[in-house]
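I opened a new page for this protein. My notes follow the order in which I looked things up.

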Amino acid sequence: MSWKQNRVLRAFGPQLRRFRSAVLKLPFAAIRGAQFVTGSTSERFGPPRVYSSIQAEQGSPDVVDIVEVVPQITIERQMPLDPGDGGVQVFAKRIKTGQKPAFAARVPRGRCVNEAGWVITQRDHLLADVSIELGANSRALHSSSYVLRLPPCRVFSGSAAIISSAGRRNYFHWILESLPRAYLLQQAGLDVSKADYVFASATSMPFHIQSLEALGVDPKKIVSLAENPHVRADELWVSSIPGVNGNPAPWVVDFLRGLFPDPDGPRKRRLYISRGKTTGPRAATNETDVFGVLEPLGFESIQMEHFTMHEQSDLFKSAEAIVAPHGAGLTNLVFSRPGVKVLEMFGPRYPNPCFWTLANVVGAEYAYILGEGVLDENAGIAGQADPMTVPIDRLKAGLASLGLT
């Protein structure tokens, strides 16, 4: 699927979900009735019989040893440095956010379905709070409710830890939402490296394997959910999905920093994260002009896809300043040292605050600028992939606000 096709699907995803719910409500009610009459489960046909959660299953044989690892927390943030453009409201809306408690548990004879890692218990209950699907906050909107027949279930003897999330193929979602699930399991006495298997949502990119190896996982134990979309283990190790919707917590950052030790050497590098092109998703159409301003200030242009995960963490740990268009490469801010200066460039229809929230946690000085065009904060995902032209006067003003002259 091209990025343009994906952009359309994501833009209209909520409407498509609601339409699907309305059209398929009655047929699938009949299917669930047939399951009840025949005593069948989703392992044979149809959707999971009950839409539930870890907490709702407490005390049942389906979910045991529930451990609250991190209590409910409130995160307060500092507003970005004012770029003089009138302000973007998405930042003000996230000045203060709360996060629910994070937990870990064991699910005897549990099943795991598709790359997102839906968890289904032995009594055919979908555990929705650990089966998160972007844009689906109810049974009617969740894709599990419209399953006719799952692929054949592959059975594994022993224990299996689940490391997955809804955005599994994206570096940001994998690093900040999937990997930290290992920390929650470890704090509950379930060491991922000691599980018989690890059910990983994806293994197609080098960073998937590199990061799992950093957890101490033997690559031979990794089971790709992309290649095995319906699996069962004698015991599933399940944990909360942290930081959903771009709200990483301090404990997530601390855990990830610990996976990749600090390199020796001073923090002096100035990095410009290039997308390596002037067309396509979020590309700077005038990148030559942008770097013409940055290079005399000591910035070097790098493309993150040319580096291993360890090398990317070392780069960001060695940086005193980072300039970049909005993109997954900024996920590596998680490895940056306090005080790093960050200037993020947005297209005017997609000012996404996720890296500002991360910059707050790591103690960075953060500023942003908008590309040319009319600000439209309501465009949402429809504006995600817009190429942008960076106004050079705004670029210079953003650099000056950070003292980068």
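How many of the 405 residues of the protein count as buried, as a percentage? I found 52%. Buried means under 20% relative accessible area, exposed means over 50%, and partly exposed lies in between, with a 1.4 Å probe and protein chains only.

I noted what I was working with. The model is predicted, so local features need pLDDT of at least 70 and side-chain atom pairs count only at pLDDT 80 or more, while totals for chains, interfaces and linings use all residues. Residues are numbered from 1 along each chain as its sequence is written, and side-chain values use heavy atoms, with hydrogens and water left out.

Next I looked up the elements. The protein has eleven helices and 17 strands. These are DSSP runs numbered from the N terminus: helices are H or I with at least four residues, strands E with at least two.

I then turned to contacts, meaning heavy atoms within 4.5 Å. Of the contacts with a separation of 6 or more, 76% are between residues 24 or more positions apart.

For the surface, I wrote down an accessible area of about 17400 Å². Carbon and sulfur atoms hold 52% of that surface. The areas come from the Shrake-Rupley method with a 1.4 Å probe; for residues, only the protein chains shown count as cover.

Last, I checked phi. Most residues other than glycine have a negative phi. D65, in strand β2 (residues 64-70), has a positive phi near 55°. D65 counts as partly exposed because its relative accessibility is 47%. N114 also has a positive phi, near 60°, and sits in the loop between β6 (111-113) and β7 (118-120).
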